[in-house]
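Colleague: I've got the model open and would like to talk through some side-chain contacts. Can you take my questions one by one?

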Amino acid sequence: MTGENFVATGQLLGTVVAVQANFYRVQLDQEDGEIREQDAPHLPDPPLLLCTRRTRLKKIGQQVMVGDRVVVEEPDWAGGRGAIADVLPRQSELDRPAIANVNQILLVFAVADPPLEPYQLSRFLIKAESTGLDVLLCLNKSDLISEQEQQKVSDRLLGWGYQPIFISVKDGINTDQAGRYLSDKITVIAGPSGVGKSSLINTLIDSAKLRVGEVSGKLARGRHTTRHIELFELPEGGLLADTPGFNQPDMDCIPEELIHYFPEARKRLAVASCRFSDCLHRDEPECVVRGDWERYEHYLEFLDAAIAHETHLHQQADPESSLKLKSKSKGKGQSQYEPKLESKKYRRISRKTQLQDLQELYRDEE
């Protein structure tokens with residue numbers, strides 16, 4: 001132990017690094033003071049306490065998330081336990097994954113095995129941009145392609161507005177460079193399954209020891225290995241969050257805001273303005289965004305998805321909406337909205353109701 005006294009300030013402060021059921025693993029701040037070694041001889045360095053949440057927090061609906069800065073009371077140093085008494089104001093908050101106080105997103109993709117899919121990469125980038133956090137793009141398995149191919153991919157992504165870092169976890173190429181960008185920050189690592197996220201964390205943090213999955217040969221996709229959100233301390237300072245893998249992030253942003261998640265479009269809007277303030281950049285006249293930039297087709301597809309999502313939300317809020325969502329072509333994921341029949345007006349009368357009506361008719365005739 002370092003022998004620092006955490007109770008000198010009267011409050012124990014720490015960061016929630018993992019949540020499981022109704023228990024929270026809290027990493028305490030070392031700069032808060034000293035713990036006597038005889039009181040806590042078995043605690044790791046920095047100290048970790050397994051905490052519960054005060055009933056008061058539950059009553060007021062205060063959720064405790066991974067990444068939260070919390071106040072811990074009644075520490076049991078011998079048992080390694082405590083209770084979360086308060087949650088400090090959050091600097092940022094993500095819903096999916098549920099994590100607080102994140103500074104940046106480390107987006108990891110593979111350039112091969114599985115092959116790099118521009119549309120999928122674009123979808124992840126848009127989702128990352130929508131958080132308002134800084135985005136760092138790492139391309140793993142660079143040992144599987146030539147330098148010429150790397151340059152071609154790099155030039156293409158520069159056109160998108162991103163400077164990727166080519167790494168190889170297997171051969172240890174540029175992993176230290178990627179690690180330097182994570183120092184003294186809380187970073188969420190994200191990306192599709194099978195691209196080497198868990199392997200990268202194991203490389204950067206020896207103590208992580210995450211389970212690593214193989215890439216499915218049949219589907220050319222990775223198998224899901226991460227089951228929960230957990231923050232791992234980096235050797236150079238900072239915390240790295242591994243999140244459950246997912247293949248297609250939801251396009252649940254506001255349609256009018258979508259264009260601002262494309263750096264190449266933001267560049268155009270910085271020097272000129274569209275004629276209409278509510279321009280969706282499809283077929284409106286005097287639009288400065290519409291053009292021959294590569295991801296414009298991606299934008300149109302994402303826009304349709306965002307509009308469909310917004311319409312669906314409005315329909316849920318208004319049960320008597322005049323539109324309903326119907327699949328356009330089976331198996332292709334396409335859909336469209338069409339008029340919906342008025343509720344109850346065209347509903348078939350049940351046999352029970354028909355029988356009751358007949359019985360009342362007979363009684364009236366009698």
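Colleague: Let's start with Arg69: what is its relative accessible area, and how does that class it?

Modeller: Keep in mind that this is a predicted model. Buried would need under 20% and exposed over 50%. Arg69 falls in between, so it counts as partly exposed, with a relative accessible area of 25%.

Colleague: Which side chain does Arg69 meet in a salt bridge?

Modeller: Arg69 sits in strand β4, and its partner is in the loop between β2 and β3, so the pair ties together parts that are 40 residues apart in sequence. The N to O distance is 2.6 Å.

Colleague: Where do Arg266 and Glu129 lie, and how many residues apart in sequence are they?

Modeller: These two form a salt bridge, with the closest N and O atoms 3.5 Å apart. Arg266 is partly exposed at 33% relative accessible area, while Glu129 is buried at 14%. Arg266 lies in helix α6 and Glu129 in helix α2, so the pair ties together parts whose separation in sequence is 137 residues.

Colleague: Which residues do salt bridges with shared partners join into one network?

Modeller: Two of the members are partly exposed: Arg54 has a relative accessible area of 26%, and Glu73 has 35%. The network formed through shared partners consists of Arg54, Glu73 and Glu74.

Colleague: On to the rings: why is the pair of Phe262 and Trp293 edge-to-face?

Modeller: Both residues are buried. Their ring centres are 5.7 Å apart, and centres within 6.5 Å make a pair. Planes over 60 degrees apart count as edge-to-face. The planes here are at 70°, so the pair is edge-to-face.

Colleague: What about Phe109 and Phe124: what is the angle between their planes?

Modeller: Phe109 is in strand β8 and Phe124 in helix α2, 15 residues apart. Both are buried. The pair is edge-to-face, with 5.4 Å centre to centre, and the angle between the planes is 80°.

Colleague: Last one: which residues form one aromatic cluster?

Modeller: The structure holds seven aromatic pairs. The cluster includes Phe262 and Trp293, which are both buried.

How values were computed: Residues are numbered from 1 along each chain as its sequence is written. Side-chain values use heavy atoms; hydrogens and water are left out. A salt bridge is a side-chain nitrogen of Lys or Arg within 4 Å of a carboxyl oxygen of Asp or Glu. Helices (H or I, at least four residues) and strands (E, at least two) are DSSP runs, numbered from the N terminus. Buried means under 20% relative accessible area, exposed over 50%, partly exposed in between (1.4 Å probe, protein chains only). Rings of Phe, Tyr and Trp (its six-membered ring) pair if their centres lie within 6.5 Å; planes under 30 degrees apart count as stacked, over 60 as edge-to-face and the rest as tilted.
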